[in-house]
Amino acid sequence: MTTKTSSPEKRKWYQIQWFQPQDTPRERKLINKLDLLIVPYAFLAYWVKYMDQSNLNNAYVAGLKEDLGFQGNELVQLQTMYIIGAVLGQIPFMFLFTYVPMHWVIPFLDVAWGIFTLLQYRVTGFAELAAYRFLVGWFEAAFFPAMHYIFGAWYRSDEIARRGGVFYLGLTLGTLTAGLIQAGASQRLEGVKGLAGWRWMYIICALITIPIGIIGYFVLPGTPDRPNGLLLSEEDVAVAKERLQRDGHVTEGKFSWKGLAKIAKTWHFWGLILFDVLFWNGSINTSTGGYLLWIKSLGRFSKARVNELGTISPALGMFYTVAICFASDLVLGPAWAITVAHVWNIIGLIIQVIWEVPEGALWFSFMTTYSAVAMSSVLYGWVNSQLKAAPAERAFTLVLINTVAQSTTAWTPLLVFKTVEGPRFTKGYSFVLANAVCLIGMAHVLRIYLAKKE
């Protein structure tokens, strides 16, 4: 791995600038163009991705459980089916990223997951819903590492985290939107055309998802080695390559088994896998539905009100994401940004482990939850910057660490977040707490290692 980095002029922490002083006017024009093409689409597509992923929890507390006769641990099993699909679906893309134009791959996957989101409105039982959740996961699988691969293909290492932060806002906004859509469907569409409100939610989500996928064919710029000719001129691509090469980036390269063997022999590659495993398991409290199940257990809110209250935590997550990602690029650096995010997460987890506290304390604890995922773009931006000299290795590493890490969350919730134990998931919150503590330690081990190597 290379540790060569750009050397922007040092500024005080309060001197926040979008560009670096060494960026020429032509380069700034290109950066603005890329920002307008990549970042809004990444944000919108991630918004619908998490709307379509998290709507299961909203539907479950809005009548799906009762309508389909679910009992026991069906909810966590359905969550696992999604993860299995997402893990298996990523594997081909560690090879394909360097061979197939990204402005073809991502929109195709977006439209396909929209179709299987729509089909969930017609489910009649657990097996059918499990199959749809698997296929939604399969077609969503490559999106996150693909977008970070595109970020790393066009931006310098000191530019990625804050763009990734805006992109990652889609996660929390998608979770928030799913709650609002379900609340509205429960209030206004219950029984319309003979469909329950939760079934209408899947229809509405699909009608939002599919057009955004189609738009991707026209707005994604691809990568410098396979650009979208509809959007970028030859001069644009030449300027992009020149500014990246000046910073030590390599813009071309294809996956090979020899390259795979080379990177697999390095200990820091396995360290990155462990790092990502700790991140995924230190943030599964955001997706297991504990907050919604707890609100429902209070027994004093309607279905619509439960979903409305469930949007508060992801709404705060939008603030956490912007603050952490911008702080990483402009003030703290990756390791300390990760530390800040997970210290806040740890405070909430400690309260949830204790549980026997005033109700207000539990409300506070759930408000900290989405700080756990706020540093995701910091982590993947860090990986991007360390592998900027090897596109094929970067593609392989981004996919593989995400695949291995996410695969562990296919079975850990089955052990520690059993639906029948909710909403007080003592084992689950303790497990997440341990991972969050280890994640902070691992971040500083990596920081010290890279500093010494450089």
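Let's start with threonine 409, which is in contact with Ile83, Trp280, Asn281 and Ile284, leaving aside neighbours within four places in sequence. Contact here means heavy atoms within 4.5 Å. Threonine 409 sits in the loop between helix H18 (391–408) and helix H19 (412–416). When I say helix or strand, I mean DSSP runs numbered from the N terminus: helices are H or I with at least four residues, strands are E with at least two. Threonine 409 is buried because its relative accessible area is 3%. The cut-offs are under 20% relative accessible area for buried, over 50% for exposed, and partly exposed in between, using a 1.4 Å probe and protein chains only.

Before I go on, a word on what you're looking at. This is a predicted model, where local features need pLDDT of at least 70 and side-chain atom pairs count only at pLDDT 80 or more, while totals for chains, interfaces and linings use all residues. Residues are numbered from 1 along each chain as its sequence is written, and side-chain values use heavy atoms, with hydrogens and water left out.

Okay, the overall picture. The protein has 20 helices and two strands. Of its 454 residues, 62% are buried. Among contacts with a separation of 6 or more, 81% are between residues 24 or more positions apart. The exposed surface comes to about 17,200 Å², and carbon and sulfur atoms supply 67% of it. Those areas come from the Shrake-Rupley method with a 1.4 Å probe, and for residues only the protein chains shown count as cover.

Histidine 342 is in helix H15 (residues 334–354). Is histidine 342 buried or exposed? Buried, because its relative accessibility is 0%. Its contacts, again not counting residues up to four places away, are Phe279, Gly282, Ala372, Met375, Ala436, Leu439 and Ile440.

Serine 283 lies in the loop between helix H11 (267–281) and helix H12 (290–297). At 6% relative accessibility, serine 283 counts as buried too.

Over to helix H1, where you'll find phenylalanine 43. Phenylalanine 43 touches Val166, Phe167, Leu169, Gly170 and Leu173, not counting residues up to four places away in sequence. And from phenylalanine 43 to glycine 165 it is 122 residues in sequence but 9.3 Å in space, C-alpha to C-alpha.

On to empty space. Rolling a probe the size of a water molecule over the atoms shows where empty space is left. The search uses a 1 Å grid over the protein atoms alone: a cavity is a set of points where a 1.4 Å probe fits but cannot get out, a pocket is an open set with protein on both sides within 12 Å along at least five of seven lines, and lining residues have an atom within 4 Å of a point. Grid points are joined across faces, edges and corners, and a volume is the space filled by probe spheres set on the points.

How many cavities of 30 Å³ or more are there? Five, by this rule. The largest cavity has a volume of about 770 Å³. It is lined by 48 residues, and Tyr50, Gln53, Thr286, Ser287 and Thr288 lie nearest its centre. H1 gives the largest share of that lining, eight residues.

The second largest pocket has a volume of about 170 Å³. Its lining includes Tyr60, Lys65, Leu293, Lys296 and Thr419. Helix H1 (25–67) and H12 are the elements that give two or more residues to that lining, and H12 gives the most, with three.

Most residues other than glycine have a negative phi, and most peptide bonds are trans. Lysine 193, not a glycine, has a positive phi of about 55 degrees, and at 74% relative accessibility lysine 193 counts as exposed. Tryptophan 355 also has a positive phi, near 70 degrees, but tryptophan 355 is buried, at 11%.

As for disulfides, meaning a pair of cysteine sulfur atoms within 2.5 Å, the whole structure has zero. Cysteine 205 is buried at 0%, while cysteine 438 is partly exposed at 44%.
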